[in-house]
Amino acid sequence: MIIINAKIDSHDNKKITQLIQGYLYSFLPKKEHEGYIHEETKKNFKKTNFDYKLVKHNLTIRFSSIDPELEKAVAMGVIKNGVKIADSVGQDVIIETPSTNTSSSHVIVSGHVICSYSGLLKGKKLYLEPQNPQHLSIMKTNALQRFETFMGKKYEGPFEVTLLKQSENPRLHFYGDNREPAKSWYAKWDIKASPELINIILGGGVGSGCMNYGAGFLELEKEK
């Protein structure tokens, strides 16, 4: 994982997610912009993910990938070019590179995972709380499809996910000029699976909105 800290001029919160996405993509190969197609569902998945926090002028970006070379590419890009978000040039830039991979098959993770389904009205999405059983089902299916896309094989190991806690209020995720924000709730999960699958989840994220809404980024809290 790459953690980028910088001081920037404040931006419209509805725009900054898209601006950060564009900044990160500027350091990545074209293939990573295009993504990778799941053979059966034709869904598009990325090897990368990010989230961010902006408090007044203090910006923190976390970027991760299932491919360490892509993390290196972003780190080198920041070192060479600095932090540039639209017309704002970051000051006091600090880069950290903590390891997020695990060799454990039993972990506790936390974060925001967007899971939704289409409503009866055209273009209307309904966002699920983690405590909804359908959220857990979608989350697990999404993780397995990512594994199949990147590993080129079916996952055959154990995969148990248990919800431990959930926040009461959702986070709203804006992207560009979208009128309807995506919604997610902070939650914590207990996961039992192969380290290979867990590391794909940690590196590439899970659920919808990875690499555009800045969602699906799970933090490794504990290895059991």
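Which residues line the largest cavity?

Modeller: This is a predicted model, in which local features need pLDDT of at least 70 and side-chain atom pairs count only at pLDDT 80 or more, while totals for chains, interfaces and linings use all residues. Residues are numbered from 1 along each chain as its sequence is written, and side-chain values use heavy atoms, with hydrogens and water left out.

The largest cavity is lined by Met139, Lys140, Ala143, Phe159, Val161, Ile191, Ile201 and Val206. A cavity here is a set of points on a 1 Å grid over the protein atoms alone where a 1.4 Å probe fits but cannot get out, and lining residues have an atom within 4 Å of a point. Its volume is about 30 Å³, taken as the space filled by probe spheres set on the points, which are joined across faces, edges and corners. Two or more lining residues come from each of α4 and β12 (159-166), and α4 gives the largest share, 3 residues. By class, the lining has 7 nonpolar, no polar and 1 charged residues.

Helix α4 (residues 133-151) also packs against helix α5 (residues 195-204) at an angle of about 95°, with the axes 10 Å apart. That makes α4 roughly perpendicular to α5, a term for angles of 65 to 115 degrees. Where they meet (heavy atoms within 4.5 Å), α4 supplies Ala143, Leu144, Arg146, Phe147, Phe150 and Met151, and α5 supplies Glu196, Leu197, Ile200, Ile201 and Gly204.

Terms used. Axes are lines fitted to C-alpha atoms, for helices over the stretch in contact, and angles run from 0 to 180 degrees between N-to-C directions. Helices (H or I, at least four residues) and strands (E, at least two) are DSSP runs, numbered from the N terminus. Angles under 35 degrees count as roughly parallel, over 145 as roughly antiparallel, 65 to 115 as roughly perpendicular and the rest as oblique. On a 1 Å grid over the protein atoms alone, a cavity is a set of points where a 1.4 Å probe fits but cannot get out, and a pocket is an open set with protein on both sides within 12 Å along at least five of seven lines; lining residues have an atom within 4 Å of a point. Ala, Val, Leu, Ile, Met, Phe, Trp, Tyr, Cys and Pro count as nonpolar, Asp, Glu, Lys and Arg as charged, and the others, Gly among them, as polar.
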